[in-house]
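Subject: Structure handover

Hello,

Here is the structure I said I would pass on. My notes follow below it.

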Amino acid sequence: MQLVDNDTFLKQLSALFESSAKSGTIWLTHKRLTFEGGDAHMSSEEDGAKEFSCLLRVTDGKEAKFSTVIRPSDLAAFHAAYGALLKSSMTATLRKRDKKREKQRAEEAARKKRRLQEDIAIEGPKRGNGRRKRQRKIKQALKLEESKKRAQEREEAKARAKAS
């Protein structure tokens with residue numbers, strides 16, 4: 001992990017965003033830097049007068065690992081540049097949600113639930129005209145019963161998983 005100054009950090013970060021634009025992951029970590037060597041306690045009485053630096057680390061999980069220390073006096077200017085860089089880099093790489101498809105899937109699921117609740121009326125003559133229509137209705141009713149059983153089993157399995 002190499003420690004660089006703030007401007008170099010921003011330049012290397014923008015280059016890393018460009019290199020992983022099509023595929024790849026970048027991990028950013030922020031941490032309050034303490035010089036005592038221990039963990040930082042967020043609610044301490046003596047921390048009111050002290051000002052701490054901020055440590056910012058970046059890695060892509062492979063070869064690129066670098067960090068910077070931001071002094072409290074430089075924090076506002078750095079965050080302005082850092083925020084602009086993140087905004088410009090992430091708007092191109094993040095995908096928008098397909099709300100239309102999500103709505104269609106939700107409507108389809110609701111339709112399936114409604115169909116499971118409806119009963120199929122088997123009517124028509126057993127012989128003669130309309131016999132095939134009646135046979136199809138019987139088959140459809142049997143399929144509906146099977147799908148109701150499967151849905152019931154799924155619900156029971158979910159309930160058991162939640163209980164345990």
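A residue is called buried when its relative accessible area is under 20%, exposed when it is over 50%, and partly exposed in between (1.4 Å probe, protein chains only). Keep in mind that this is a predicted model, in which local features need pLDDT of at least 70 and side-chain atom pairs count only at pLDDT 80 or more, while totals for chains, interfaces and linings use all residues. Residues are numbered from 1 along each chain as its sequence is written, and side-chain values use heavy atoms, with hydrogens and water left out.

Helix 4 (residues 131–163) has Arg134, Ala141, Leu144 and Ala151 as its buried residues. Helix 3 (99–117) is included in what covers them. Helix 4 has 33 residues and spans 48 Å from its first C-alpha to its last, close to the expected 48 Å; the expected span is 1.5 Å times one less than the number of residues.

Now the whole chain. The protein chain has 4 helices and 4 strands, in the sequence pattern β-α-β-β-β-α-α-α. Both kinds of element are DSSP runs numbered from the N terminus: helices are H or I with at least four residues, strands are E with at least two. Of the 164 residues, 21% count as buried.

The 4 strands form an open sheet in the order 1-4-3-2, with mixed pairing. Strand 1 (2–3) and strand 2 (27–33) stand at the edges with a single partner strand each, so one side of each has no neighbour in the sheet. Two strands pair if DSSP finds at least two bridges between them; strand 3 (residues 53–59) and strand 4 are antiparallel over 6 bridges. Val58 stands opposite Phe66 in strand 4. Helix 1 (residues 6–19) packs on the sheet and touches strand 1, strand 2, strand 3 and strand 4, where contact means heavy atoms within 4.5 Å. The direction of helix 1 makes about 145° with that of strand 4; axes are lines fitted to C-alpha atoms, for helices over the stretch in contact, and angles run from 0 to 180 degrees between N-to-C directions.

Is Thr68 buried or exposed? Thr68 is buried, with a relative accessible area of 0%. Leaving out residues up to four places away in sequence, Thr68 touches Leu3, Val4, Asp5, Asn6, Phe9, Cys54, Leu55, Leu56 and Phe78. The side chain of Thr68 also reaches the backbone oxygen of Val4 at 3.0 Å.

Regards

Methods: Polar contact = N/O pair within 3.5 Å; in protein donor to acceptor, adjacent residues only side chain to side chain.
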